[in-house]
Amino acid sequence: MLLLGCIKEVSDYELVVSLPNGLTGFVPVTQISDTYSKMLSKQVAQGELLEDLNSLSDIYSPGTLVRCIVTSVEKSADGRRSIKLSIDPKKVNNGLNASALASGMLLSGFVSSVEDHGYIIDIGISGTHAFLPRQKAQNYIKAIKRGSDLKIGQNLNCVIVEVKNEGRVVRLSIDRSEVAASLATEQQNWTLSNLLPGLVVKARVQKVSPLGIKLSFLSSFTGIVDFMHMDPEKSTNYAPDQVVKACILSVNPTSKVVRFTLRPTFLHPGGPPNQLSSDRVGAVVEESTVKAFYKQFGAIFEFDDGTLAFARLKHLSKTRKSFKPAAFKAGCKHKCRIIDYSLMDEMYIVSLKYKIIEARFLQYQDIHTGDVVQGKVFAFKPMGMHVKVTDGIKGLVPSLHLGDVILKQPEKKYNIGDEVKCRVLECNPAGKKLILTLKKSLVQSKLPVLSSYEDAKPGLITHGFVVCAREFGCIVKFYNDVKGLVPKNELSSEPISCPDKVFHEGQVLKVMVLKCEPEQERLLLSFRLSSKPAPEDKKECTPKKQQEVKYQVGEMVDVKVLKKKDNGLEVSVLEDEGHVVAWVPTAHLSDFVVNCKLLWHCLQEGDVLPRMMCLSDKGERIILSRKSAVISAVQEEQVVRSFSEIQPGMLLTGYVRNVMPFGVFVEFPFGVTGLAPKVSMSDKFVTDTKDHFVVGQTVIAKVMSTDEEKQRVLLNLKVSECSSGDSAAESFALLNQYFKELKEIRNLLRRREESSMAQALCELVPGKQLQLVVQDVKDDGSALFSGSCVTGLTVTATRYHLGDKSIVPGEKTKAVVLHVDTLTSKVYVSLREELLKKRAKQSLSSFLSSGSQRTPSTLPSCST
C-alpha cells in the first residue's frame with residue numbers, strides 16, 4: 001500500500017512518519033534508498049566515517065512530505081502494531097517503467113550523486129537515467145536553507161521536464177513554483193497500477209454523505225475523501241457534479257481503493273502541512289467543543305483557539321458499556337487531554353478517559369531521573385527485563401538492576417504481567433530510552449538523587465551502586481551515568497587489602513562526596529560517612545522532632561519494634577537508620593481482627609516487620625498499616641485522594657474509624673471518610689451496630705451518594721452490594737490470606753522457643769488428626785478431651801461435631817482439628833466421620849504449606 005506521509009521525528013536510525021487518520025509509521029535507515037544503504041554498508045565495513053555520508057538529521061527535518069510504501073505490519077511483545085515503511089524509490093515507483101514516463105509527471109527521487117553541472121537522481125526506474133540541472137535546484141536550495149548544495153540521500157519531489165530516448169533519459173526540476181503548479185492529467189497516462197500518493201488532480205464530486213465524499217478523476221477512476229480530510233471551511237458546502245482539486249493520500253493496489261484529501265495545504269505539491277506543536281502533547285484542555293460525532297469512528301473537537309482535535313471511539317469513555325452517544329452532540333463540551341498529534345490530519349489526538357487525563361506520565365518527556373514509577377513486566381531479554389510504564393512508555397531494567405543481588409534466572413521471580421515498582425536511572429526522551437532499577441535500596445531511598453556532577457557538593461550523602469571493585473578501590477555509579485571513585489583508604493575505617501573480596505558488582509551503598517570537578521567529570525567519594533563530618537551527617541542523626549522526615553501516603557518501609565503498648569506498637573523505620581519513630585495501631589497489623597490481637601501478642605521488641613505502608617504523616621507521628629487489602633488498594637490506584645474524586649457506585653477499601661448507634665464511620669487512605677447508616681450496614685437486620693463491626697476492621701464500601709456542599713459521603717456495607725462479582729473467588733482469597741497469616745504467627749512462636757504448651761499449639765493445624773481420650777461430657781452435649789499431644793490445652797467439641805457417636809469419659813477416639821485459638825489455648829475438634837474421611841484424602845495442612853498463596857486485593861465488607 002502506498003501512502004503520503006509527513007516526517008514527525010528524526011533519529012539516527014529511523015524516521016517517524018505521520019500517516020493519515022492518526023496513524024504513525026517508521027522508516028528504518030536501511031529503507032531510504034539503494035545508494036544510501038550501500039554507503040552505510042561501506043562505512044560499517046571500513047569502520048570509519050565517510051565524508052559523503054550524511055546522518056538522517058542532516059538531510060531530513062520534521063514537516064517534510066514523503067511518499068511511502070508499507071513493507072510490514074509487526075506486532076510487538078505488548079500486542080501493539082507497528083507499521084514499517086520504505087521511501088526507497090525502487091519500491092515506491094515500482095509501478096512505473098521507462099515507457100510510461102511523460103513530461104509533467106510528479107514523482108519521488110533521491111540524490112545519488114553530485115556532479116559539476118547538476119545531480120544524478122535515483123527515481124527507482126530500471127533503465128532510466130534521471131538528471132537534475134543545477135539551475136533547476138537553486139530556488140529550492142535557497143528556500144530550504146540547508147547549505148549550498150543538495151546532499152546524497154536527500155528526498156526530492158521532482159517534476160519531469162523532458163523525456164528522451166523513450167524514457168531512458170529524463171530531465172527533472174525541483175523548482176518550487178513548478179512543483180506546486182503540477183497537476184496529474186489524462187495525457188500523462190496514469191493507471192491504477194502506477195498512481196502515486198501526493199499527486200494533485202481535478203476531480204468531480206459524485207456523492208456526498210456525512211462520512212465523506214465520492215469523487216471521479218482522470219476520466220475513469222473513482223476515489224474517497226473521508227470526514228477527516230474534507231476542507232473544514234467547506235465541509236457542508238460540497239454538492240454533486242462540483243469540480244474540486246484533490247490530493248491523493250493513499251493507493252491500495254490490491255483493492256484499487258484511492259483516498260484523497262481536500263485540505264488546502266495539500267493542494268499545492270511540495271508544501272508542508274500546517275505544523276502542530278509537540279509542546280502541547282500532555283496538556284489538559286478543560287473545555288473542548290464537539291464539532292462532529294461519527295458513531296463508528298469517534299468525534300472531532302474544536303479548542304478555543306480554533307485548533308481541531310480527534311478522539312477515537314475507544315477514547316471517548318472508560319468502556320463501551322459506559323459510552324453515551326447523547327453526550328457527544330454538536331456543541332457539547334468535554335474535558336480532554338492531548339495524547340498525540342497528526343501532521344497529516346492537521347489535528348491533535350485527544351482522550352476523554354479519566355485515567356489518561358489524570359495519568360502522571362504520558363510521554364517520555366514527563367519522566368525525570370529519580371522518579372519512582374509503576375510498570376508491568378512484558379518481556380525478558382538477555383540484557384534485562386522490559387517494563388511497560390504506560391501504553392506509550394517502555395523501559396529496560398538491566399540484568400544488574402533486577403534485584404539487590406544479581407538474578408541469574410529473573411523469570412523465576414517475575415512473571416509477565418507482574419506489577420513492579422521501579423526508579424528511573426536514566427531517561428532520554430529524544431531517543432525514547434528509559435533505564436530503570438528494581439533494587440529495593442535505591443527504589444525506597446530517602447536520600448537525595450545524584451543525577452549530575454554539578455549536584456555533587458562536598459558532604460552530600462546519597463545511595464550509589466558498585467560497578468567495579470579493584471585493588472585501587474571501587475567505582476560507584478549514580479543516576480544519569482554519573483560515577484565516581486572511592487579510593488582504597490576511603491572504603492572503611494579498617495584497612496581492606498582486597499576490595500574485590502568485600503564489595504561486589506551491583507551492591508548498593510551509602511556514599512559521601514569528598515570532592516567534585518564537574519568540568520572534568522571527576523568525583524571523589526567515601527564509604528566512611530562519619531570520618532569527615534558534614535552538615536548532612538548531623539541532620540541524618542537527629543530525631544524526627546528536630547528534623548522533618550516526610551513520608552508520602554502509600555510509601556512502603558521496613559520497621560523494627562521498639563515498644564509494645566496496649567493499643568499498638570512503637571516502631572523505628574529501618575531505612576532511616578532507626579532514627580525515625582512511627583506508630584502501628586493494633587488494628588492495623590492485619591485485615592483480620594482476630595489476627596491483629598494474635599500478632600500483637602506474639603511480637604516482641606526487636607522484631608522486624610517488612611512492607612509496612614505509610615497511612616498518615618500528620619501530627620506528632622507517622623501512622624503505618626500492615627493491612628494487605630488497604631496496601632493493595634493504594635498500590636493498584638483503587639483509591640480516592642480527595643472528595644472531588646468520589647463518584648457514586650465506586651467500591652473502596654477502607655477501615656472502620658468509629659462505631660455509633662446510628663451507623664459506622666469508614667476512613668479510606670488519604671483521609672477521606674464516609675458514613676454507612678444503620679440500614680445500609682448489613683444484609684441482616686441490625687439491632688446493635690457493635691454486634692456487626694469493630695473499630696479498625698477492614699471493609700469494602702460502596703459509595704451511595706455525595707453531598708459536595710456538606711462534604712458528606714454516604715456508604716453501603718452490605719455484602720450483597722459490595723462484592724466485585726466473583727464472591728467465591730473473593731472468599732477463597734480471604735481464606736488463603738487468613739491461613740497465610742496464621743502460618744506466619746506459628747513460625748513466630750516456634751522461633752521464640754517458649755513453653756511446651758506454645759510449641760504444641762504451633763504443631764496443631766486445622767485438618768490434623770489426633771488420638772484423644774474423652775475427659776468429660778457436659779449437659780449441653782459438648783465434650784472435653786485430653787491427650788499427650790495436647791497437654792495443658794483445652795480441647796473441646798460441640799454436640800454437632802460429636803456426630804452420631806455416643807461417648808463416655810475414658811474412651812479413646814480419633815478427632816480432626818477444626819480451629820486453634822492461640823490466645824486462649826483452646827483447640828476445637830470434630831469427631832464426625834465425613835470430616836475424618838475427607839482428611840484422609842486431602843489435608844488442610846498441605847494447603848497451608850503451599851507456595852501458591854496470594855494476598856487478596858479485595859475483602860467482603862463484613863469478612864473480618
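## Briefing: salt bridges, repeats and a buried helix

Lys-335 counts as partly exposed, at 35% relative accessibility; here buried means under 20% relative accessible area, exposed over 50%, and partly exposed in between, using a 1.4 Å probe and protein chains only. The structure is a predicted model, where local features need pLDDT of at least 70 and side-chain atom pairs count only at pLDDT 80 or more, while totals for chains, interfaces and linings use all residues. Residues are numbered from 1 along each chain as its sequence is written, and side-chain values use heavy atoms, with hydrogens and water left out.

**Salt bridges**

- Side chains of opposite charge can pair when their charged atoms come close.
- A search of the whole structure turns up 24 salt bridges, each one a side-chain nitrogen of Lys or Arg within 4 Å of a carboxyl oxygen of Asp or Glu.
- One of them joins Lys-335 to Glu-286, with the closest N and O atoms 4.0 Å apart.
- Lys-335 sits in strand S19 and Glu-286 in strand S16, so this pair ties together parts that are 49 residues apart in sequence; helices (H or I, at least four residues) and strands (E, at least two) are DSSP runs, numbered from the N terminus.
- Glu-286 is exposed, because its relative accessible area is 53%.
- Asp-34 pairs with Lys-90, and their closest N and O atoms are 2.8 Å apart.
- That pair links distant parts of the chain: Asp-34 is in helix H1 (residues 34-46) and Lys-90 in helix H3 (residues 89-92), 56 residues apart.
- Asp-34 is partly exposed at 26% relative accessibility, and Lys-90 is partly exposed too, with a relative accessible area of 45%.
- Arg-263 and Glu-346 also meet in a salt bridge, at 3.2 Å from N to O.
- Arg-263 lies in the loop between strand S15 (257-261) and strand S16 (284-294), while Glu-346 lies in the loop between strand S19 (333-342) and strand S20 (347-351), which puts these distant parts of the chain 83 residues apart.
- Arg-263 is buried, at 4% relative accessibility, and Glu-346 is buried at 9%.

**A patch of negative charge**

- Glu-454, Asp-455, Glu-519 and Glu-521 gather in a patch of negative charge on the surface; patches are made of residues with over 30% relative accessible area and no salt bridge, with like charges joined within 9 Å.
- Asp-455 belongs to the loop between helix H7 (440-443) and strand S26 (461-470), and its relative accessible area of 39% makes it partly exposed.

**S1 motif annotation**

- The unreviewed UniProt entry carries the annotation "domain: S1 motif" for residues 1-88, 104-175, 198-263, 282-353, 370-439, 459-528 and 649-718; such annotations may be inferred rather than shown by experiment.
- Residues 282-353 are 0% helix and 50% strand, with end C-alpha atoms 13 Å apart.
- Residues 649-718 are 0% helix and 50% strand, and here the end C-alpha atoms lie 13 Å apart.

- Helix H11 (residues 628-635) is largely enclosed by the rest of the structure, because seven of its eight residues are buried.
- The buried ones are Ser-628, Ala-629, Val-630, Ile-631, Ser-632, Ala-633 and Val-634.
- After H11 comes Glu-637, which has a positive phi, near 60°.
- Leu-267, in the loop between S15 and S16, is buried, with a relative accessible area of 13%.
- Leu-267 and Asp-88 are 179 residues apart along the chain, and 24 Å separates their C-alpha atoms.

Definitions and conventions. Patch = residues over 30% accessible without salt bridge, like charges linked within 9 Å, V, L, I, M, F, W, Y side chains within 5 Å. Areas by Shrake-Rupley, 256 points an atom, 1.4 Å probe, with all protein chains shown as cover. Lys, Arg positive; Asp, Glu negative; His and termini not counted. Charge placed at Lys NZ, Arg CZ, Asp CG, Glu CD.
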